[in-house]
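Hello,

Here is the structure I promised to pass on. Please open it first, then read the notes below.

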Amino acid sequence: MYIDNVKFAKSGKTINGKLDLLKCERIQEIDQFSGEVSYELVGYMDTLNRPTLKLSIYGIIGTLCQNCLQPMEVTLDNQSRITVFFNEDQLDAALFAEGDSDVEDGVLAEAEFDIMQLVEDEVIMLLPYASKHESCIGLSYHDSADSPFGVLKNII
Ligand SMILES: [Zn+2]
């Protein structure tokens, strides 16, 4: 889905939809992630009259616990603010400014700005790295050699 990101911001539009992680090749290449993520993109002009996009991401996704390799759920919930710039110099100056830049993230003005690409990039940044159950019994449970019960049996 493509938008003119400047016109979109000026007109104050909102777009929302869903991303199915199983259908997203780039995400499946990273690890086994499943589930749906909802997104909402809102356009507006900020206080400095710059076109701005606010992207909200929310979803409960499935992945595997890196400790016991059993399924687990992780909640993604994030908002980001993306300022649209009209040339690369302005974009670089804002993103790599030392100190007091108020720009969280930035993109260039584009008549065919790919929304799904933006949503995928954002979801990829939010994906958990080496997630684990909060109280995980771990792999040792399945490994009889190290099981305390196995040791006990040998003593008896
Ligand atoms: Zn676990």
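**The sheet and what packs on it**

Strand β4 (residues 51–64) and strand β5 (residues 71–85) run antiparallel, joined by 13 bridges. Before going on, note that this is a predicted model: local features need pLDDT of at least 70, side-chain atom pairs count only at pLDDT 80 or more, and totals for chains, interfaces and linings use all residues. Residues are numbered from 1 along each chain as its sequence is written.

Some terms. Helices (H or I, at least four residues) and strands (E, at least two) are DSSP runs, numbered from the N terminus. Two strands pair if DSSP finds at least two bridges between them.

Back to β4 and β5. They form a hairpin with 6 residues between them. Leu69, in the turn, has a positive phi of about 60 degrees. Ser56 stands opposite Gln79 in β5.

β5 also pairs with strand β6 (residues 105–108), in the parallel sense, over 4 bridges. Val84 has Val107 in β6 as its bridge partner. Phe85 stands opposite Leu108 in β6.

What is the order of the strands in the open sheet? It is β2-β3-β4-β5-β6, 5 strands with mixed pairing. β2 (14–20) and β6 are the edge strands, and each pairs on one side only. From one strand to the next, the twist averages 25 degrees.

Helix α3 (residues 88–95) packs on the sheet and touches β5 and β6. Its direction makes about 175 degrees with that of β6. Helix α4 (residues 115–126) also packs on the sheet, touching β2, β3 (36–45), β4 and β5. The direction of α4 makes about 55 degrees with that of β4. (Axes are lines fitted to C-alpha atoms, for helices over the stretch in contact; angles run from 0 to 180 degrees between N-to-C directions. Contact means C-beta atoms, placed from the backbone, within 7 Å.)

Which residues of α4 are buried? Leu118, Val119, Glu122 and Val123 are. (Buried means 20 or more other C-beta atoms within 10 Å of a residue's own, exposed 12 or fewer, partly exposed in between; C-beta atoms are placed from the backbone.) They lie on the same side of α4 because they cover an arc of only 130 degrees around the axis. (The arc is that of the directions from the helix axis to the C-beta atoms.) On the other side, Gln117 and Met125 are exposed.

Val123 touches Leu19, Ile27, Val37, Ile57 and Leu76, not counting residues up to four places away in sequence.

Best wishes

Technical notes: Two residues are in contact if their C-beta atoms, placed from the backbone, lie within 7 Å.
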